[in-house]
Amino acid sequence: MNYTNKTKEELIEELEALKDELDRLKGTSAIRTSNAGLHGEKLPAEEDDAYRSFTELAGGILDCIPANIALINNSGKILAVNSAWKRFAFENSAPGKDYYLGLNYLEICEKSGCREYPEASNAAKGIRNVLLGQSPRFSLEYPCHSEKEKRWYRLFVTPFDFKGEKCAVIMHINVTEHVRVEKMLTESEHKLLFNKASTIINSALDSILITSPEGVIVEVNEEACRRLGYTREEMLRMTMWDLCLPENFSHDEGRFKETCQKGSAVFETVHLKRDGTPVPMEFSTKQVEYSGSKVIVAIGRDITSRKHNEEILVELNKEAMVTSAALLHAIPDMILLLSSDGVFLDSHIPEGNSEEYPLKDFIGKKLSEVLPQLVTEKTVQSFKEVLKSGKIFVMDFPLELEGKQFFYEARAVRCGENELLLLLRNITEKKKAEEEIHKLSLVVEQSPVIVLITDKQGKISYVNPRFTEVTGYTLEEAIGARPHMLKSGLTPASQYKELWKKLEKGEHWKGEFCNRKKNGELFWELASIFPLKNFMGEVTHFVAVKEDITERKETELRLIEYGDHLEQIVEQRTESLRKVNQLLSVRIEKHKAAEGKIENQLQFLKTLFRTIPNPLLVKNKEGRIIDCNEAYESYFKLELKDIKHKRAEDILPPHVLDKILEMEKTLYTNPGHVSVELASTRGNGEPFAVLVSEATYLEADGSIGGTVAIMIDISEQKKLQEKIQAALQKEQELNELKSSFISMASHEFRTPLTSILASADLLEMFGRQWKEEKYMEHIAKIQKGVDYMKELLDDVLVISRNEEGKTQFIPAKTNFLELCSELFDSAKLISTGNHKFIYNYEPKQKIFTIDPKLARHIISNLLSNAVKYSPRGGKVILNVKAEDNNLLIDVIDEGIGIPEADKAKLYEPFHRAGNTTSIHGTGLGMSIVKRSVELHHGQISVESQENSGTSAHVILPYKP
């Protein structure tokens, strides 16, 4: 049997089945002979063989289970361990070669608990309770870190009766990966969970108030405002004591103190509406962390109707309950009649709600035979107080029935002199909702972006701490104000008109604002604003999620300014050249007009010619070089004597010669000035970019005497332009990637979230009336949606780590056969049933040195694509070979294939082929596969034809 792919729940079920089988065989010869063998009695040969076969079978099964398992007797002595226990003990330096056999496990735990592992003491206490019969089973999650890695384990203790002696099975399961995944999901889902938190709180049918430990109201939902008749702004200026009756003040204050001490409380009170009308309320309170402070979440329910029902039930006796069956059927709670000593006398389970109240066969039994010991003790003590005082007793407690965890709320009233009436309500879903609210409240406060909520009139009702950090406005200044306090006047009015036009239609708006902080400083925001609707489709609030993009906008402005600066430099250089040409022309004209000053003018020109920092070259009308300045000789490492009387074709390389000759031809045809950019090399062979400006000069008779060329080194300008272009290109790619991610996330998360929310709403409204099949159908939809979003987040996390260069190649010895088999079996689970799976593993060896995590990304994504993109079924083939220190992996399907136009973008993140629009996907899988193969220094190739299937071939090197 293969246990490597089983979950911890399945392993527990296997152990329970093994325990049941052992209990069943207690009367058989095998058990009889095992008992005889343990107590030193002589066994008949045939019974000895049966005993040996049975023990070998049981031992073989335990050795196949990857969890660490040991069997202890009622004093805690270790009687037997499986192979996994031995391996773990060996790896962690267990004393002796017997791996703790014969030692007292309880003493080991207690000694460890006294030193550095406090969880060990809790484990010893839980194991003793199981051995003493005080608890049906025990479990505990604890850290077990080593020097190389951080690990978490879960301990399961199950009782085992052996010939009248109470023994126990100790099982330790490694849940490290589960703990890590939960942590990543908690950190990665903040933004999505915030929207869900707002919807849950404001769409709740119960009143929800969040207060300080002193009772000051800091948050309230719409239902509480509606029920009590106050506006939200009025309630946020009140305390819980402003709402309760004066005579109930000390009672309510005591329950709040109990919440602060114990973490939660359930109690009844009476609140006053704004018009003075009393409203009986039942509150469930829980203390949670909120923005670094302790707050109390109070969920209140109007129990006017239930109080009325309870008053009726207190006056009824047993005969009245029988004759009033119609009234009992109308009450959603389970009703129990008990004697003063805690014996169940009669019961009523609401019709169709047997799944919520799975208690059965308890009439005539005592409380201690049905409920856990701690619950029984507390209940009996409270019953005595009820019988004595006549007051109503209220408590809630957890109860594990038929392997499921339930939470119940119990209400007891006196019925006659010596009997009690007990109303039992299933509050399991209510407890889950409280946990969800706690989790989501943390998400809102820790969000890295600004979150702002307004009512329909645009008044701010909530901002998170990031708002204060960015704008400088405090929470008190923001609440009740309007967002236009941030206006700078630089955002066009037309943009605000477009925003409100979309929001009034119930549509989502996205854009940028230039706003002003409290200190007057300007900042830029990228905002997404969308309306929140209640269950009737009416818009109740507007939510704005805004990101500070000031730094990005400043970078854009600097790039624009730098581009303008470069243009100014070019204009200045051009103007300088123009002035030089004008100066040369003036000097030539003066030479014609004043021959007496020609020597001075000539000397001036020569000085100017030699001192110009840019290379100058003078050619006659035949195109031969007659002079050059010192800058030219320095740049090109040439002397005038080496190039004098030579033509351009004698010294210039072929790739620039054509442009120079063309420029000279133009100048001789149309005298004037011409500029051209060339790629040239200096005398040392160094390449550089040069701007060549060449102009004609005239002889005394007005004819063309030749040309003068000036060369400007623009290499640095070119490099700067290339850097600017590269930066702009990178910014564009990041914007496109961000847009793709937002578009994908909006679409891919909206669909499962809609399905989850719809199923949750239906379960809340109708779940108690549905049959098991329909109920579980919606549970499955919720689980499927969560699994899909988890897979999506995993892919996004892998892509993010790849983009940041954080993904590392960590080779290790890996059982590749086991890895491939596991992933191949997982692929079958997502099949529609129309696929034919073929798996060929040819290598003789199993262990290869590769990165197991990256290999898992490669194979799982290729198999998932093969199944997902062959919706009509067909063959899905996985072939594995090993040649020349390479693993050759082929994944082949007969699916829809890849269109020719999409093959070039196959490995780009978020890109999806045109023929996959009807199939769920993110476009991240092949990008992850490509990166994982490259980190292995491997190769991947894909052959595909539309409507004819796809074949992926991977070459994965491994260390011999």
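Mentor: Begin with the terms: two strands pair if DSSP finds at least two bridges between them. Helices (H or I, at least four residues) and strands (E, at least two) are DSSP runs, numbered from the N terminus. The model is predicted, so local features need pLDDT of at least 70 and side-chain atom pairs count only at pLDDT 80 or more, while totals for chains, interfaces and linings use all residues. Residues are numbered from 1 along each chain as its sequence is written, and side-chain values use heavy atoms, with hydrogens and water left out.

Trainee: How many helices and strands does the chain have, and what share of its residues is buried?

Mentor: There are 32 helices and 32 strands in the chain. Buried means under 20% relative accessible area, exposed over 50%, and partly exposed in between, with a 1.4 Å probe and protein chains only. Of the 960 residues, the share that counts as buried is 42%.

Trainee: In what order do the five strands of the open sheet lie?

Mentor: The pairing in this open sheet is antiparallel. Strand 17 (460-463) and strand 18 (509-516) each have a single partner strand, so one side of each is left without a neighbour in the sheet. The twist averages 30 degrees from one strand to the next, with angles running from 0 to 180 degrees between N-to-C directions and axes being lines fitted to C-alpha atoms, for helices over the stretch in contact. Read across the sheet, the order is 17-16-20-19-18.

Trainee: Which residue in strand 20 is the bridge partner of Thr454?

Mentor: Strand 16 (residues 450-455) pairs with strand 17 over three bridges, and Thr454 stands opposite Ile460 in strand 17. Strand 16 also pairs with strand 20, over six bridges and in the antiparallel sense. In strand 20, the bridge partner of Thr454 is Phe542.

Trainee: What is the bridge partner of Pro531 in strand 20?

Mentor: Strand 19 and strand 20 are antiparallel and share nine bridges. In strand 20, the bridge partner of Pro531 is Phe542.

Trainee: At about what angle does helix 21 run to strand 18?

Mentor: Helix 21 (residues 493-504) lies across strand 18, strand 19 (522-533) and strand 20 (539-548). Its angle to strand 18 is about 140 degrees.

Trainee: Is Thr471 buried or exposed?

Mentor: Thr471 lies in helix 19 (residues 465-471). Contact means heavy atoms within 4.5 Å, and Thr471 touches Leu486, Lys517, Lys518 and Phe523, not counting residues up to four places away in sequence. The backbone nitrogen of Tyr473 lies 3.3 Å from a polar atom of the Thr471 side chain. With a relative accessible area of 1%, Thr471 is buried.

Trainee: How far apart are the C-alpha atoms of Lys439 and Glu289?

Mentor: Lys439 lies in helix 18 (residues 428-445) and, at 43% relative accessibility, counts as partly exposed. Glu289 is 150 residues away from Lys439 along the chain. The separation of their C-alpha atoms is 9.6 Å.

Trainee: How many charged residues are in the contact of helix 31 with helix 32?

Mentor: Helix 31 (residues 852-868) and helix 32 (residues 925-935) pack at about 145 degrees, with their axes 9 Å apart. Residues of helix 31 including Leu854, Ile858 and Leu862 meet a set in helix 32 that includes Met926, Val929 and Val933. Ala, Val, Leu, Ile, Met, Phe, Trp, Tyr, Cys and Pro count as nonpolar, Asp, Glu, Lys and Arg as charged, and the others, Gly among them, as polar. By class, the contact of helix 31 with helix 32 has eight nonpolar residues, five polar and, for charged, none.

Trainee: In the hairpin of strand 29 and strand 30, which residue takes a positive phi?

Mentor: Strand 29 (residues 874-883) and strand 30 run antiparallel and are joined by eight bridges, with Asn879 opposite Asp890 in strand 30. The hairpin has two residues between the strands. The residue with a positive phi, near 50 degrees, is Asp884.

Trainee: Which residue in strand 32 is the bridge partner of Val891?

Mentor: Six of the eight residues of strand 30 (residues 886-893) are buried. Eight bridges join strand 30 to strand 32 (residues 949-957), and the two run antiparallel. In strand 32, the bridge partner of Val891 is Ala952.

Note on methods: Polar contact = N/O pair within 3.5 Å; in protein donor to acceptor, adjacent residues only side chain to side chain.
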